[in-house]
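Open the model in your viewer and keep the selection panel at hand. The stops below go from single elements to whole chains.

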Protein chains: 4
Amino acid sequence: MVLDMLEINGVPVEDTYCEAFDGIYSRIIITAKHRWLLKKAAYGSTALPSTVFGESEGGVEKWLSPKETPDGRIGAICQIWVQKTKRFMDVLMREMGKRIRQGILVVPTTRVFNATDSDKHFDAEINVGRCGDGYEWEEEMFGRRVVRVPIMFGEFIIERYIGYAEGIAGGNIWMFCESEESALEAGEAAIEALRDVEGVITSFDICSAGSKPETKYPEIGPTTNHYFCPTLKNKIPDSKVPEGVRSIPEIVINGVSLDVVKKAMFICLDVTSRIDGVLRLSAGNYGGKLGQHKIYLKEIIEEFS
Amino acid sequence: MVLDMLEINGVPVEDTYCEAFDGIYSRIIITAKHRWLLKKAAYGSTALPSTVFGESEGGVEKWLSPKETPDGRIGAICQIWVQKTKRFMDVLMREMGKRIRQGILVVPTTRVFNATDSDKHFDAEINVGRCGDGYEWEEEMFGRRVVRVPIMFGEFIIERYIGYAEGIAGGNIWMFCESEESALEAGEAAIEALRDVEGVITSFDICSAGSKPETKYPEIGPTTNHYFCPTLKNKIPDSKVPEGVRSIPEIVINGVSLDVVKKAMFICLDVTSRIDGVLRLSAGNYGGKLGQHKIYLKEIIEEFS
Amino acid sequence: MVLDMLEINGVPVEDTYCEAFDGIYSRIIITAKHRWLLKKAAYGSTALPSTVFGESEGGVEKWLSPKETPDGRIGAICQIWVQKTKRFMDVLMREMGKRIRQGILVVPTTRVFNATDSDKHFDAEINVGRCGDGYEWEEEMFGRRVVRVPIMFGEFIIERYIGYAEGIAGGNIWMFCESEESALEAGEAAIEALRDVEGVITSFDICSAGSKPETKYPEIGPTTNHYFCPTLKNKIPDSKVPEGVRSIPEIVINGVSLDVVKKAMFICLDVTSRIDGVLRLSAGNYGGKLGQHKIYLKEIIEEFS
Amino acid sequence: MVLDMLEINGVPVEDTYCEAFDGIYSRIIITAKHRWLLKKAAYGSTALPSTVFGESEGGVEKWLSPKETPDGRIGAICQIWVQKTKRFMDVLMREMGKRIRQGILVVPTTRVFNATDSDKHFDAEINVGRCGDGYEWEEEMFGRRVVRVPIMFGEFIIERYIGYAEGIAGGNIWMFCESEESALEAGEAAIEALRDVEGVITSFDICSAGSKPETKYPEIGPTTNHYFCPTLKNKIPDSKVPEGVRSIPEIVINGVSLDVVKKAMFICLDVTSRIDGVLRLSAGNYGGKLGQHKIYLKEIIEEFS
């Protein structure tokens, strides 16, 4: 009898699925005069993935050349995500207001434009523009309806209507690595390769702390997935860490559609499988009880190989 | 009659004061295996200054050589601040939990140690260590009581008791500049010079959006200080922007004592006054109605010159 | 009579040409385990543009994702250029040896692969591989013939035959700017936009010191183009600096063909013309006496608009 | 019989010496308007350590706050080194001319000041100032005699007389590591710790390719120290790579005096010995036949412990 082994580039892949969630995202373009200011705004405004705290998470999708931005300056596409709950609109407004005001508006020379392809939007005059205390005004610039907010440094400009839409959050790939070194190398390879996939972000980049939903401390939320902690291998009876594995980083992927998340997951499998020291690949799920989507690794390997 | 002009290095300084506040800070050391991971954790965990949202703000105080850290790895001293309200302890616990878990623990190879010189502390086992879901344990390492948290990447280590103390938040300097270029140069000069002052951070670095407390939109909190917005100079009757000024960045300074905040403010005045295009220096206040401390520029120039 | 004005996006362009030169380039792929090592190798090995010293110049053409490199690691395409003289082969061998050995091989975990599409090549065993003191060996890896050089850190791998070819050096665009700030912004915009043009590098990035060939000091080589120095405007009778211009940065472009150089020049014109404070655009030439190629701005605007 | 074991922090240290050389250095301060320009100039002008090619090598000694520079801008202390040969003055003039003109002057907004404490100097008017083609002029600024060179971007300023002096080159420490990961971590720890030692640079940072002077290919200069190449351990009879060692990076240290080089070497031993996976420490020498100085590890451990 021949076992049907799943593999990619010679590296075994577990025949499992990742469990992903419906989420709400808003996708924006940030521009700035200089690269160091752009980076500060893009990284700052998408830092601290805190959806488990009832807040939001985000990431930089792509760096833009001046030819790709509304105002001809250098830019970045960023995404901010909130959970799809009944009251998501309140959270989205609050979190977008917070991240734009405290992470972008405060950084000299920045501007924000909509980059969400959606017919739903919120009015950024309300949660951002009013920082102008009524001295802001609306105008058409760069072919868009913008709010011009006078600030002490000069001026902050934001497109008035910023779109939001439903996407897929929590796609993920796990890499079983023989050392922390190969884990970091595989993680960087995955992050870099995903720069070319339109529509996805990795809110944690190389995530060091994959979680499980059941927990002894409900007040703390999801806690360590102890079955897969290498340092517990010889201390607990039910460790699932394979022989020789010392580190299991996770890449968490959010994307604007199920298709791009699948494609991104495949690229992670493909590029990390080529890195020395990556012994096995897998994905995380919660037994299928929580997420709305099951993405089978077998399926994506068949689809994209 | 001779007018008593305040100046530094030939640049006029307004004879005013900045209004500063009592605040609560926690000061920690982050260490990591590699510099890129350390920077990600230090910048990420201190991003998004969101005290006005009822949350917290922070900054990197200093980068540490391996000789200066408990575990002999490269490191950084960071501070996180919350408002000194009656229920500050709840906010501090939540915010430290959030920033450490979502900004540091998730970044591969990081550790956290206490760097607050105080007899008050919180128990990081409760708001961070329990991410280990009970599989964490306490131990003495590097001469400190630490919690070792098994994670999928390997291990996260945090000192069990992290101190907090009362400090001074909201010290600030305003630079009246003839262009955005000189504003950026002066801002960078100030930030770099403050790297040498022990105990202070600049939660916004070069802040582009100084605010005033009175606002037409109470729900949005502090709004633009329209009197000092250069683009409004010719549009409003009561603009206070001096002739020739195009940009007024602000450096906001938090420090562990009134003395270090004063010293830091002096250094800002001193180094920015030497930058071409800085026409005038000042500081922001709210008419003295809000903050517990008035720091007069005249006084600090006399004290430190 | 109507003058035929040349312009792009409303900004006047001088009806002139840039003078470009035949040159010899070698195009390589550098890969590394981690991004900080890759950046060190890519920037270090292409630093110090010193063709005027009889040496070489270079630049990073593009950053590569793991999917784009022979060994599945992150990478960069870099170019090194020498003058096309009778004895260029000696210079090329020496300079490639120097830049690869002292800028790449010495940086941990790096490898070098050929990326020149040419039937001419040099044998990297001779000027690089022999660093192995005879302990190096040849082998097929990643579908390429490589030399494996044992080093104390581990191993350095270089493709044995590295191609070279003839290309066009010294394409350039000048930006007449109203301040140093707009000059820096325009310069960054140009550099970023060129990241998308396959086959070109900018050996100086934002070059602050455009030159002219005639000089009072032949021993020093090309010297400042005094006609276009803003600080000399009111000091010399024959200044050509237009009214209101304070800074004239230059982007110098080398490319694998005349076509890509033209396209890159057009992109520079296009993106910098959209930046505030760019008053006029032009290009540098030496009266047509030195270079083999005249690239007329009028022509490239007509071709690519 | 008890063997007298040399060790530091529990890690064995070989009872050997490093062989160091007399060298000639010039120490300068670079300043710039913005940090990204300063970094480009400082890293670019000190890149490509090419003393073995008859050229020069260099490094960034320290980043300076605006309070520490002559012109009140942010800055860096850099060193450039040439071999102490009979004709060193020619090489020094050429190499300083090349590195300053092609690595600093071409970077917008930079300036260069002397930072060498010596009564010997060269006249930078000759090898740098004349880039002004006679339009440069001399003046006193910032308390120094400077040459102001008009350039197209604006102006380049260099102190007229730049000192040089005799120092010690080639101090070094070897780290025997159990993996490339620990080698990189130890290397970074050493580099960061040396930031605090005044007067030293590491021209290669983490050098991956320690060499020996005897070679089968004299035309290529020093070649791989095959005795210490981990990949040759099982291939040659006379390998000196200890059991379990996979990577041996080297830190090469140049300093303004024998004392600072010794102190820097001790700090390398001290901080790297605390890094996990560093199994043994040593230093490189050429049998004492080449260098003017023997620095015994035993001696420096005794002196600085």
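Two strands are said to pair if DSSP finds at least two bridges between them. Helices (H or I, at least four residues) and strands (E, at least two) are DSSP runs, numbered from the N terminus. This is a predicted model, in which local features need pLDDT of at least 70 and side-chain atom pairs count only at pLDDT 80 or more, while totals for chains, interfaces and linings use all residues. Residues are numbered from 1 along each chain as its sequence is written, and chains are lettered from A and ligands numbered from 1 in the order in which they are written.

**Stop 1: strand S16 of chain B**

Select residues 250–255 of chain B, which form strand S16. One place to look is B:Gly171, whose bridge partner in S16(B) is B:Ile253.

Next, colour by burial. A residue is buried if 20 or more other C-beta atoms lie within 10 Å of its own, exposed if 12 or fewer, and partly exposed in between, with C-beta atoms placed from the backbone. In S16(B), 6 of the 6 residues are buried, so the strand is largely enclosed by the rest of the structure. In a regular strand the side chains alternate between the two faces of the sheet. Both faces of S16(B) are covered, with B:Glu250, B:Val252 and B:Asn254 on one side and B:Ile251, B:Ile253 and B:Gly255 on the other.

**Stop 2: helix H5 of chain B**

Select residues 258–272 of chain B, helix H5. The expected span of a helix is 1.5 Å times one less than its number of residues. For the 15 residues of H5(B) that gives 21 Å, and the end C-alpha atoms are 21 Å apart, which agrees. Of those 15 residues, 12 are buried; among them are B:Lys262, B:Lys263, B:Phe266 and B:Asp270.

**Stop 3: chain B against chain A**

Show chains A and B together. Two residues are in contact if their C-beta atoms, placed from the backbone, lie within 7 Å. On that basis, 55 residues of chain B and 55 residues of chain A take part. Elements of chain B that each supply at least two residues to its side include helix H1 (35–45), helix H2 (88–105) and helix H4 (180–194). The largest share, 5 residues, comes from H2(B).

**Stop 4: chain C against chain B**

Switch to chains B and C, where 5 residues of chain C are in contact with 5 residues of chain B. On chain C, helix H1 (35–45) and helix H4 (180–194) each supply at least two residues of this side.

How is chain C laid on chain B? A turn of 180 degrees and a shift of 0.0 Å along the axis do it, with an RMSD of 0.0 Å; the two copies are thus related as by a two-fold rotation axis. Copies are superposed by least squares on the C-alpha atoms of residues with pLDDT of at least 70 in both. To find the axis, pick C:Glu181, which of the residues of chain C comes closest to it, at 2.7 Å (C-alpha). Finally, 100% of the interface residues of chain C are also interface residues in chain B, so the copies meet through the same surface.
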